[in-house]
Amino acid sequence: MSILLENVTKYYERQAVVKDLSLEIESGEFFVLLGASGSGKSTLLRLIAGLIPLDKGRIWLHGRDVTTLPPQQRNTGFVFQNYSLFQHMTVAQNIEFGLDVRRVSRQARRQRVAELLRLIDLEGYEHRMPSQLSGGQQQRVALARALAYQPEVLLLDEPFGALDARIRVQLRQNLRDIQKRLQITTILVTHDQEEAFELADRIGVIDAGELLEVGEPSALYRRPKNRFTATFLGNANLLRGQRNGSKVYLEQPSEEVTLAAPPNTEHLSGQPVDIFSRPEEVEIALSRHELRGQLIGQAIVQEMTFAGPLEKVCVQLQSDRDRNKSSDLIIQVLLSPDEARTLGLARGKQVWVGLKDYHLLHAAV
Amino acid sequence: MNAIAAPRGPRSGRWGSWGLRLAAFSYLGLFIVVPLVVISVQGFRDGLATFVSSVTKPAALSAIGLTIWTAAVMAVINTIMGTLTAYMLVSYRFPGKALFNMLIDLPFAIPSLVTGVMLVLLYGPQTAIGGFFEKRLGFPIVFAPPGIVLALLFISYPFVIRTVQPVLMQMEANQQEAAHTLGASPWTTFRRVIFPTIRPAIITGGLLSFARAMGEFGSVIVVAGNIPMRSQTAAVYIYGQIESGSTQAASGVSVVLLFLAFTITLSVDFFLRRRDART
Amino acid sequence: MRERELRGPLPLILLAAVLVYAAVLLLAPMAAIVSSAFAGGVGKVINALLLPDVLLAFRMTFLLALGAMLINTLAGTVLAWVLVRHNFPGKRLVDALVDAPFVFSPVIVGYALILMFGREGWFAPTVVQIAFAWPAMLLATVFVSLPFVTREIQPVLAELTLEQENAAYTLGANRWTTFRRVVVPQIWHGLLYGMVLTFARSVGEFGAVAVAGGAIERYTETATIYVFRAMHDRNPIGAYSVSVALGVLSIGILVVMSLLRRRPSHTAAD
């Protein structure tokens, strides 16, 4: 395998910024490290690149133990968030820098630069200066620069953070294509989960220096193991319950409601759980028997928000214990405008709520 | 100085880093720390009592006092005129502005001794202006405090200007325009929008020129001569003591002068830091 | 701030005040010395400047300024680098110390050097004479012009983000190559400016070198010290001529400084 991290730990002022982190990444894989600001993801990337020394653990790149090696000798390509192009050099000089340092002949360098400019679609830009380029163009040059000497590993630190939304989407696709073509092991760090979904073969969710979960995007989205993952990757509806035998007993809205226990959740047996479902898996109906999914209870429509191709609806479940209960019972639902219209939804309307698909998480204390 | 928390380089570079640091520290140490220590030790070598007595001799006290008040007068004038000059430079277009901007650095470049010579030449008792002031108004310029103040003003001319100018230039034009659209007159705009922004720079420039002026020697010794009790500043006094071999007196006053200068510089730094912490 | 046209009485009055102040304070004395120097004709001035003492004095001035410039450039760059890129306890103090020469009275500097290297000094040398000789003068000159290079480079270095260096490291360049090819090309402007400032300050120094060197005619005399001596020896032409020469030199340096100050702005795209 291409990248192996073993118990990597990094302290900053006596706090562990990266805690005992272990990870394996396959050759040619596009791995996305997803986390919020301050989660330690950028630090981890820099540890892999060798820009910061680690305090404990080991790092292996392509079978080599690089733990004590400086960045110069790790043969990685690094793309920084704010491009960090050499302002006083032309585009061509920037791109060929890595080759120049490796004493590649001028002829070969020129060829490679032309190749790369074609790859990033900036042919003819050899002699431009960074200050003459747009943000998106600069980032592409930064990418070309990092790829010029065919590194074993490509590392990107929130590369699109400083760019407009539209450019971001464009560049994301370009990056994906390039990575697929070159089959280079890649780690991209981001806080944008949409970006993670679009690019990743696998996603690693990181929070407070710890790697919480690793998996394919759809698996993490649908069947997260971890409450943080669940809420970080998208809107999550969570209802408290208890799993017993083959059933899940809800605490709210009513203790009489039970659901069938989903498969592969035996390990949570006898424990308090969170029943987790995505807004798009929640079903709304006007009468009880119209529900096809598992019944949860009755609710009142609180709010409806237009969201382009979808309608976001918030409903509040009515608890049988206390009719005026708190917002813990707010469920988010995603409907097509058609569905919303057919149901004649409006604020204050009473509806029945069911779940088409759901999953169990270990309940937070 | 903005201290960026510098990330440390990779482990193998550690030795190189310490080599660099060693070089930097020995450079500073040799050239700044050691002289400081040497002077201080010399000043107190014969005990505190001797130190005090050497510093409180009438000539010494007079020199110190003269130094302080002439520098203070200069600082006040310089601050006002410097701020005004900076403001005019940044806010208005006028013919010859680029040339004027260049001329401001002149006192930086001209040796201070030459400044003294020039002033004696222009305002000496034998000249029209100097003679007029001395004989008609009984108010000698050269070889007297006014000459000292003039010399200090010349030397310190660029300080406040160059400290305030960049701050003014960086101020967004929008702020001024906003104030105008809100109904503020130019004077009000200056008083309530511009001035508060440049006040720290003004204070810094003023204090630094004050500290610098206290140690001024070249121009003062020419312009004011070496007349004890009348036109002898602390620096000149020290020079005189060295020439006549009284090391005790020389070091005593040196220590006082250093102490004053350092106090001011440190308060400027402290003041700036407190302001940075608040913003 | 945007520039405005001069309109209305108040701006005009203020501008007049500013210009008159500058004229009286700066230009008048300069005009005075130029006219006095050339009062007896250009020939006299040139003769005064070609005296062997004067030439020796200028030689001393130049050598000291050159030496100080070289030393301070090298050491100053290292110092700036350490201050910007490294973190260590007491960094603030070290940073403040760099400004120390600014507030030291020159006489005190010279005095300290004598205390250190004089015959009964702390580090009284046995082989080479330092005090009252050119080594002490060089040390004095280095001291007074110490901060300039460091202070000029520091902001430029800080602005040149660490990321560009990191980028170079990941691309395979070692520290020296990175310094040479990424850092220097971007700071050379500030570096040059600092060097010119250092040189100018060194040329103008008087008090420190006079005390440290003992101001011995022809041996430890700089151009400024010569002017001082000329004033006392009732040699006005000599004093004024050398002053004017120094003044012309200074203005030349000033012009260079101004040209350098109009630096090309890198539009930082980050």
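**Note on the predicted model: chains A, B and C**

1. Of the 270 residues of chain C, 51% count as buried. Buried means that 20 or more other C-beta atoms lie within 10 Å of the residue's own; 12 or fewer makes it exposed, anything in between partly exposed, with C-beta atoms placed from the backbone. This is a predicted model, in which local features need pLDDT of at least 70, side-chain atom pairs count only at pLDDT 80 or more, and totals for chains, interfaces and linings use all residues. Residues are numbered from 1 along each chain as its sequence is written, while chains are lettered from A and ligands numbered from 1 in the order in which they are written.

2. Chain C has 13 helices and zero strands. Helices (H or I, at least four residues) and strands (E, at least two) are DSSP runs, numbered from the N terminus. The C-alpha trace of chain C spans about 70 × 65 × 30 Å along its principal axes. Among contacts in chain C with a separation of 6 or more, 76% join residues 24 or more positions apart. Two residues are in contact if their C-beta atoms, placed from the backbone, lie within 7 Å.

3. Look at helix 12 (residues 223-232) of chain C. Eight of its 10 residues are buried, so the helix is mostly covered. The buried set is C:Ala223, C:Thr224, C:Ile225, C:Tyr226, C:Val227, C:Phe228, C:Ala230 and C:Met231. Just after helix 12 of chain C, C:Arg234 takes a positive phi of about 50 degrees.

4. Next, the contact between chains B and C. On the chain B side 74 residues take part, and they touch 78 residues of chain C. Helix 1 (residues 14-44) of chain B gives the most to the chain B side, with 15 residues. That side divides into 56 nonpolar, 13 polar and five charged residues. Here Ala, Val, Leu, Ile, Met, Phe, Trp, Tyr, Cys and Pro count as nonpolar, Asp, Glu, Lys and Arg as charged, and the others, Gly among them, as polar.

5. The average pLDDT (the predictor's confidence in each residue, from 0 to 100) is 82, and 91% of the residues score at least 70. Helix 3 (residues 58-91) of chain B is highest, at 93, and helix 9 (residues 173-181) of chain B is lowest, at a mean of 72. Over residues 1-13 of chain B the pLDDT is below 50, yet this stretch has 25 contacts in the model beyond near neighbours in sequence. Where pLDDT is low, the predicted coordinates should not be read in detail.

6. In chain A, follow strand 9 (residues 202-207). Strand 3 (residues 30-34) of chain A runs parallel to strand 9, joined by four bridges. Strands pair if DSSP finds at least two bridges between them. Strand 10 of chain A pairs with strand 9 in the antiparallel sense over five bridges. A:Gly204 in strand 9 is the bridge partner of A:Leu33, and A:Gly204 also stands opposite A:Val214 in strand 10. Strands 9 and 10 of chain A form a hairpin with two residues between them. In the turn, A:Ala208 has a positive phi of about 50 degrees.

7. A:Leu212 lies in strand 10 (residues 210-215) of chain A. Why does A:Leu212 count as buried? Because A:Leu212 has 20 C-beta neighbours inside 10 Å. Leaving aside neighbours within four places in sequence, A:Leu212 is in contact with A:Val205, A:Ile206, A:Asp207, A:Asn226, A:Phe228 and A:Thr229.
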